[in-house]
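Subject: Structure handover

Hello,

Here is the structure I said I would pass on. My notes on what was found in it follow below.

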Amino acid sequence: MTTWIVIAVALLAIGGLGTVIAAAGEWAQRDALDPQSAGPSGTRALVEVLRDQGVEVRVVRDHVDAGSALDGAAATLVLPDTPALSDEGLQDLIGRAADVVLIEPRARSLDLLLPGAETAGYAPFGTTGPDCDLGDAVRSGAIEPGIVLTPPDADAGAGSDFSACYPAGDGYGLLLGPHGNGRAAAIDGTDLFTNARLAEDGNAALAINLMGRHPLVVWYQPGTGDTDIADTDLSIGELTPPWVSPVIVLLLVAGVAAGIWRGRRFGPLVAERLPVTVRASETTEGRARLYAQSRDALHAADQLRIGALGRLARTLGLGPAASAPEISDAAAARAGIDAGAARRILLDDIPVTDSDLVSLSLRLRHLEDAVHAAVRPERNPR
């Protein structure tokens, strides 16, 4: 009994330890770019590096707390994608920061932070140098950009309000523009600033140069349910884009048209007169054709023998219960031939080729003729 108790306690302990480890891993992993995540896609390493450089980093998960942390302080706002915030809420949050670093650029956030800037796909594989006059980028060195961006002015240069660095593909890996008395930067940090790749190339140096210009960094990581949209009780029609309804109607019309085009024509049923009976000769000929096509001589011989045995039984006056050997012996006795020869013709011989089948057919016919002549001899005319 004691042994079973020890085993049960050990199993419970192992299960509890597994649950704790799984929970700890889930907590540590969190979401991508989470500043408190130690997983490969988190950014906890970057936060610790900034703190080692003397920069205070505050991680907030609510937009109200983020706004409070930015008020009255010269701070840098690190901003990922914020789909749950309205344009007004996001613009209010951006307006309170001295510098803004957009690390997950999307079309809406780009339009609010750097009006006129757009995404231009992904950069080709491989590192690229700054190729610009921006000191923060020049000191950082080469990086491997992810999503590239295009500034409002395609010919952005030294005399422009925008700075574009790290040219790759159809755009630039880093885009900077004016923001009040500070600046706004947009860069795809989903790979560059993660724990897995922060130590590669100039990723860490570039992150510190962009985010460490002020003594305070407010890292806004939206939490679950963090939104400023008061009325969330919207109908499906209000949530559906305006082009969905016309597309659905067009698809329905196309489906009906395809059904009419490819479907069966409607109309009365056509009555077709079918034969009630099929003549035996037609059935025999049909089976013969099938056997001939399949070259199945054995089955064809069986059909010939079955027909011959039936006719011989009627000719000899045997009843329906007569077996095939009895019919064969009676036919041999009446025709005056050897019983073994009759049995080979009616039962035993197995045709292999078409010529064997033709030979068997002739011997069956000769046997039937001999029995018929013996049972009903023709009278000689006087």
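Is Arg 197 buried or exposed? Arg 197 is buried, at a relative accessible area of 17%, where under 20% is the cut-off for buried. Please keep in mind that this is a predicted model.

Arg 197 also takes part in a salt bridge with Glu 144, and the closest N and O atoms are 3.2 Å apart. This pair links distant parts of the chain, 53 residues apart: Arg 197 sits in the loop between α7 (189-192) and α8 (203-211), and Glu 144 in the loop between α6 and β5 (147-150).

Overall picture

The chain has 382 residues, of which 32% count as buried. It contains 15 helices and nine strands. Its accessible surface is about 23,300 Å², with 57% of that belonging to carbon and sulfur atoms. Of the contacts between residues at least 6 apart in sequence, 62% join residues at least 24 apart.

Strand β9

Strand β9 (residues 216-220) is mostly covered, with five of its five residues buried. On one side are Leu 216, Val 218 and Tyr 220, on the other Val 217 and Trp 219, and both faces are covered. Strand β1 (residues 56-60) runs parallel to β9 and is joined to it by five bridges; here Val 57 has Val 217 as its bridge partner. Strand β2 (residues 75-79) also pairs with β9 in the parallel sense, over four bridges, and Leu 77 is partnered with Val 218.

Leu 85

Leu 85 is buried, at 3% relative accessible area. Leaving aside residues up to four places away in sequence, Leu 85 touches several others, among them His 63, Arg 108 and Tyr 220. Leu 85 and Asp 226 are 141 residues apart in sequence, yet their C-alpha atoms are 7.8 Å apart in space.

The disulfide

The structure holds one disulfide. It joins Cys 132 to Cys 165, with an S to S distance of 2.0 Å. The link is right-handed, with 95° about the S-S bond.

Other salt bridges

A search of the whole structure finds 15 salt bridges. One of them pairs Arg 61 with Asp 34, the closest N and O atoms being 2.9 Å apart. Arg 61 lies in the loop between β1 and α3 (63-70) and Asp 34 in the loop between α1 (2-29) and α2 (44-52), so this pair ties together parts 27 residues apart in sequence. Arg 61 is partly exposed at 27%, whereas Asp 34 is buried at 2% relative accessibility.

Another salt bridge joins the side chains of Arg 106 and Glu 104 (3.3 Å, N to O). In this pair Arg 106 is partly exposed at 33%, and Glu 104 is buried at 18%.

A surface patch

Trp 243, Val 247 and Leu 251 form a nonpolar patch on the surface, and together they have about 340 Å² of accessible area. Val 247 lies in helix α10 (residues 244-262) and is partly exposed, at 36% relative accessible area.

Regards

Terms used. Residues numbered from 1 in each chain as written. Predicted model: local features only at pLDDT ≥ 70, side-chain atom pairs only at ≥ 80, totals over all residues. Heavy atoms only, no water. Patch = residues over 30% accessible without salt bridge, like charges linked within 9 Å, V, L, I, M, F, W, Y side chains within 5 Å. Areas by Shrake-Rupley, 256 points an atom, 1.4 Å probe, with all protein chains shown as cover. Salt bridge = Lys/Arg side-chain N within 4 Å of Asp/Glu carboxyl O. Helix = DSSP H or I, 4+ residues; strand = E, 2+ residues; numbered from the N terminus. Buried < 20%, exposed > 50% of the residue type's maximum accessible area, 1.4 Å probe, protein only. Disulfide = S-S within 2.5 Å. Contact = heavy atoms within 4.5 Å. Pairing = 2+ DSSP bridges.
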